[in-house]
Structure formats: structure tokens, C-alpha cells
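Please look over the model first.

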Amino acid sequence: MERQRALVVVDAMNDMMPATPHSEVPARPTPGGLPARSRQPRSAHRRTSVLLRDFLEAHTEPRISLGALVDALQDRGFGVLLFIFAFPNLIPLNIPFVSSVLGFPLVLLAAQLSYGRHKPWFPDWLTQQSFPREGFTKVALRALPYLERTERLLKPRLPLFVSWTAERLIGVFLLVLTIVLSLPIPLGNWLPACAISIIGLAIVEKDGLAVLVGIAVGIASLIVAWAVILGFIKAFLLVVGLTA
């Protein structure tokens with residue numbers, strides 16, 4: 001009898017205690033200077049910004065290899081890698097020939113996307129290349145606020161423009177943009193990098209409208225690049241004509 005009364009008292013006390021939702025876990029400090037965030041339940045589709053933050057938290061080694069980054073991005077490697085390699089061209093890094101260095105991986109990604117590969121592939125000598133974690137973290141911290149704001153605007157829509165066939169055509173267009181981005185054209189790198197970043201995120205989020213926006217920016221970048229090249233040609237011919 002006394003035992004039954006004790007059990008009744010314990011059950012009543014448990015009912016009086018407020019339940020703690022599983023999704024509200026206090027944020028914990030993160031390494032590398034990353035802003036703390038609340039842990040959320042895992043879902044079938046995780047935002048690219050979440051994957052990037054998790055990657056930075058999990059890899060505390062002084063250097064990060066390209067192969068580890070590709071493996072961490074799971075099946076959304078094409079879009080995210082396009083964004084990662086294009087975004088540094090949008091911020092002042094004061095690194096000479098940064099567009100040419102980052103342009104080669106972008107050309108490989110665009111060519112494979114147009115070919116129809118489902119997962120990015122890089123040669124072994126490239127996947128084994130590593131870069132300082134500190135530098136990568138600085139670029140990621142600059143990119144994450146823009147990435148998170150953009151992700152709020154993106155959503156699956158206009159599936160015709162993100163279908164399997166459409167992505168092959170997008171890959172061809174991206175191949176042209178990446179070649180232009182790799183060229184040392186004054187004032188000709190920002191717009192292609194912006195277009196590649198938009199299209200990369202649009203592929204990840206299956207947003208056909210964002211793909212169209214990226215294509216429009218890309219066409220504008222090609223017009224600007226052609227105008228700059230044409231101006232240089234005319235200037236060269238003018239100088240040659242004066243010195244002849």
C-alpha cells in the first residue's frame with residue numbers, strides 16, 4: 001500500500017514538471033571563432049550553411065584538404081563547390097591571380113555537370129591539396145551571412161529549370177562563365193563569380209527562378225567581358241597604328 005502511494009506521488013511530480021523540447025538544446029561554444037548556434041534536429045534536407053558550419057566545427061586540423069571538403073558536402077557537392085570556389089572572387093582578398101587559381105576547379109565542376117555526373121570528381125593530386133584552416137574559416141565567415149540570407153529566399157520552384165536535362169545545359173553555360181572568370185580581365189571577374197554563386201545555390205535548393213536570375217547575371221557578365229576585351233583590342237590597334 002505504501003509503495004503504491006509512493007508511485008502515485010512520483011507520477012504527480014513528473015506531471016507537474018515542464019517538458020523540455022528536444023529541439024531546444026542550449027548553444028555551445030564552437031571552435032575557430034564561429035558564432036554559436038542552437039542545435040536543431042536533423043532533417044532529410046539540411047541547409048548548405050548548416051553543412052558548412054558543421055564541417056568547420058568537425059575539422060580542427062591546421063589544414064583542410066579539398067577531398068575532405070568534397071566528402072563532407074554529400075550529394076550537393078556541385079552546387080556548394082561552385083559557390084565556395086566562386087565566392088572569394090566577390091570579396092577583396094588581395095591575393096594575386098585568385099580568379100585564375102580558383103578558376104581551374106570551377107572549369108572541372110562545370111564540365112562534369114554538363115557531362116551529367118552525379119558527384120564531383122577531382123584528380124587525386126587536386127583532392128590532396130590542402131589550404132590553411134584559418135584562411136578558409138575567414139572566407140567562410142564572410143560568406144555565411146550572405147549564404148544564410150540567400151537561403152531564406154530560395155525554395156523549390158519552376159522544376160523545369162532544375163531538371164536533369166536543364167542542369168546539363170546549365171553546366172555548358174557555367175563552363176563558359178568559368179573560362180571567362182579564369183581570364184585576367186580587369187573588372188570582368190565579379191559578375192561571372194556572382195552568377196556562378198547564384199546558380200550554384202539555386203541547384204542545391206532546386207530553385208528554377210534563382211537559376212534564371214543567375215543566367216541573367218551571367219549573360220550581363222559576358223556582355224561586360226566582351227566590351228572590355230573589345231576595348232583592349234581597339235586600344236591595341238590604335239597604339240599600333242600610331243607607332244607604325
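What volume does the largest cavity have? The largest cavity has a volume of about 80 Å³. This is a predicted model, in which local features need pLDDT of at least 70, side-chain atom pairs count only at pLDDT 80 or more, and totals for chains, interfaces and linings use all residues. Residues are numbered from 1 along each chain as its sequence is written, and side-chain values use heavy atoms, with hydrogens and water left out.

**The cavity**

Rolling a probe the size of a water molecule over the atoms shows where empty space is left. Here a cavity is a set of points, on a 1 Å grid over the protein atoms alone, where a 1.4 Å probe fits but cannot get out. Grid points are joined across faces, edges and corners, and a volume is the space filled by probe spheres set on the points. Searching the whole structure finds 1 cavity of 30 Å³ or more.

The lining of the largest cavity consists of L52, F83, I84, F87, P88, F136, V139, A140 and A143. Lining residues have an atom within 4 Å of a point. Helix 4 and helix 7 are the elements that give two or more residues to this lining. Helix 7 gives the most, with 4 residues. By class, the lining has 9 nonpolar, no polar and no charged residues. (Nonpolar means Ala, Val, Leu, Ile, Met, Phe, Trp, Tyr, Cys and Pro; charged means Asp, Glu, Lys and Arg; the others, Gly among them, are polar.)

**Helix pairs**

Helices are DSSP runs (H or I, at least four residues), numbered from the N terminus. Axes are lines fitted to C-alpha atoms over the stretch in contact, and angles run from 0 to 180 degrees between N-to-C directions.

| Pair | Angle | Axes |
|---|---|---|
| Helix 2 (residues 48–58) and helix 7 (residues 133–153) | roughly 160° | within 9 Å |
| Helix 4 (residues 77–86) and helix 9 (residues 190–205) | about 155° | 7 Å apart |
| Helix 8 (residues 164–182) and helix 9 | about 155° | 9 Å apart |

Angles over 145 degrees count as roughly antiparallel. Helix 2 and helix 7 are therefore roughly antiparallel to each other. Their crossing is left-handed (the near helix is turned anticlockwise from the far one by less than a right angle). In helix 2, residues including L52, F55 and L56 meet residues of helix 7, among them F136, A140 and L144. This contact has 7 nonpolar, 3 polar and 5 charged residues. Contact means heavy atoms within 4.5 Å.

Helix 4 and helix 9 are therefore roughly antiparallel too, and helix 4 passes helix 9 in a left-handed crossing. G79, V80, L82, F83 and A86 of helix 4 touch A193, I196, S197, G200, L201, I203 and V204 of helix 9. That contact divides into 9 nonpolar, 3 polar and no charged residues.

Helix 8 is likewise roughly antiparallel to helix 9. The crossing of helix 8 with helix 9 is left-handed.

Notes:
Angles under 35 degrees count as roughly parallel, over 145 as roughly antiparallel, 65 to 115 as roughly perpendicular and the rest as oblique. On a 1 Å grid over the protein atoms alone, a cavity is a set of points where a 1.4 Å probe fits but cannot get out, and a pocket is an open set with protein on both sides within 12 Å along at least five of seven lines; lining residues have an atom within 4 Å of a point.
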